[in-house]
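Hi,

Here is the structure I promised to pass on. Have a look at it first, and then read my notes below.

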Amino acid sequence: MRIKIATVGEIVLRTRARPLTTEEIRSTATRGLIEHMKETLRDAPGVGLAAPQIGTPLQLAVIEDRAEYQTSFSEAELAERERRPIPFHVIVNPGIHLLSQPEVNFFEGCLSLPGFSAIVPRSRQVVVKCLNEEGAPVRIEAEGWYARILQHEIDHLHGTLYIDRMLSRSFCSLDHYNRYWKAKPIQESLSELTHHDEHGGPDI
Ligand code: ZN
């Protein structure tokens, strides 16, 4: 069953999610929740879905970046993004440690802001300590696109959306992203988008 995904403006997306107890993680209800989230993620399709996005303010997210999602990118684009397939997995009650400054820029989207995209600076490398769907502790070391996904999903668990971190001048509809920026190297898009005339008078 596909669950409706909450879109920007829903209060639940701005709520701090509650951690789960080990008993809750292993419960039938949570297993059901994970199954629904997996189906919803694949149906969307997306590479990550946090429980608040389906109206459940719990610290749980599912992640999966399938090889078939990456076929629209060239080898060079995948290499630039350090994007590789990531198997389906669940993160519960995650803590995240950024190993570098958020200075890697790429366009990013969110299932809760359908039809839009923006450049979001993210850390290249992170360490996440969390529990898996069995309630067992897991330590994840991630870099590149996977690190970006983790930062995005864990932000959701704190009521934060990419629009809180984006370079606001880069915010655009997906149509315009495809038209103007998709085929351009990110540095070129960045310099075009962030350039503005600081000395010019108001042009009203
Ligand atoms: Zn999102």
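How many salt bridges does a search of the whole structure find? The search turns up 16 of them. Before I go on, please keep in mind that this is a predicted model.

Let me begin with a few of those pairs. R148 makes a salt bridge with E108, and their closest N and O atoms are 2.7 Å apart. R148 sits in helix α4 and E108 in strand β4, so this pair ties together parts that are 40 residues apart in sequence. R148 has a relative accessible area of 3%, so it counts as buried. E108 is buried as well, because its relative accessible area is 5%.

Next up is D155, which forms a salt bridge with R122, with 3.0 Å between the closest N and O atoms. D155 belongs to helix α4 and R122 to strand β5, so here the parts tied together are 33 residues apart in sequence. Both D155 and R122 are buried. Now try to find the network: E108, R122, R148, D155 and R165 are linked by salt bridges.

For a contrast, look at K184 and E192. They form a salt bridge too, the closest N and O atoms being 2.9 Å apart. Here K184 is partly exposed, at 29% relative accessible area, and E192 is partly exposed at 42%.

Helix α4 keeps coming up, so let's check it. It has 13 residues (144-156), and at 1.5 Å a residue it should span 18 Å; its end C-alpha atoms are 19 Å apart, which agrees. Is α4 mostly covered or mostly open? Mostly covered: 13 of its 13 residues are buried.

Which residues coordinate the zinc ion? They are C110 through SG, and H152 and H156 through NE2, at 2.1 to 2.3 Å. Along the chain, the donors follow the spacing C-x41-H-x3-H. Both histidines, H152 and H156, lie in α4, four residues apart, or about one turn of the helix. H152 counts as buried at 8% relative accessibility, and H156 is buried at 2% relative accessible area.

The largest pocket has a volume of about 890 Å³. It is lined by 36 residues, and R83, E108, G109, C110 and W145 lie nearest its centre. The elements that give two or more residues to this lining are β4, β5, α4, α5 and α6. Six residues come from α4, the largest share. By class, the lining has 18 nonpolar, eleven polar and seven charged residues.

The second largest pocket has a volume of about 190 Å³. The classes here are six nonpolar, three polar and three charged residues.

Last, some backbone details to click on. The peptide bond from A44 to P45 is cis, with omega near -20 degrees, and P45 is in the loop between α2 and β1. E82, which is not a glycine, has a positive phi near 50 degrees; this residue is in the loop between α3 and β3. N93 is not a glycine either, and has a positive phi of about 50 degrees, but its place is in strand β3.

Notes:
Residues are numbered from 1 along each chain as its sequence is written. This is a predicted model: local features need pLDDT of at least 70, side-chain atom pairs count only at pLDDT 80 or more; totals for chains, interfaces and linings use all residues. Side-chain values use heavy atoms; hydrogens and water are left out. The expected span of a helix is 1.5 Å times one less than its number of residues. Buried means under 20% relative accessible area, exposed over 50%, partly exposed in between (1.4 Å probe, protein chains only). Donors are N, O and S atoms within 2.8 Å of the metal (3.2 Å for Na, K and Ca); water is not among the atoms, so sites may look incomplete. On a 1 Å grid over the protein atoms alone, a cavity is a set of points where a 1.4 Å probe fits but cannot get out, and a pocket is an open set with protein on both sides within 12 Å along at least five of seven lines; lining residues have an atom within 4 Å of a point. Grid points are joined across faces, edges and corners, and a volume is the space filled by probe spheres set on the points. Ala, Val, Leu, Ile, Met, Phe, Trp, Tyr, Cys and Pro count as nonpolar, Asp, Glu, Lys and Arg as charged, and the others, Gly among them, as polar. A salt bridge is a side-chain nitrogen of Lys or Arg within 4 Å of a carboxyl oxygen of Asp or Glu.
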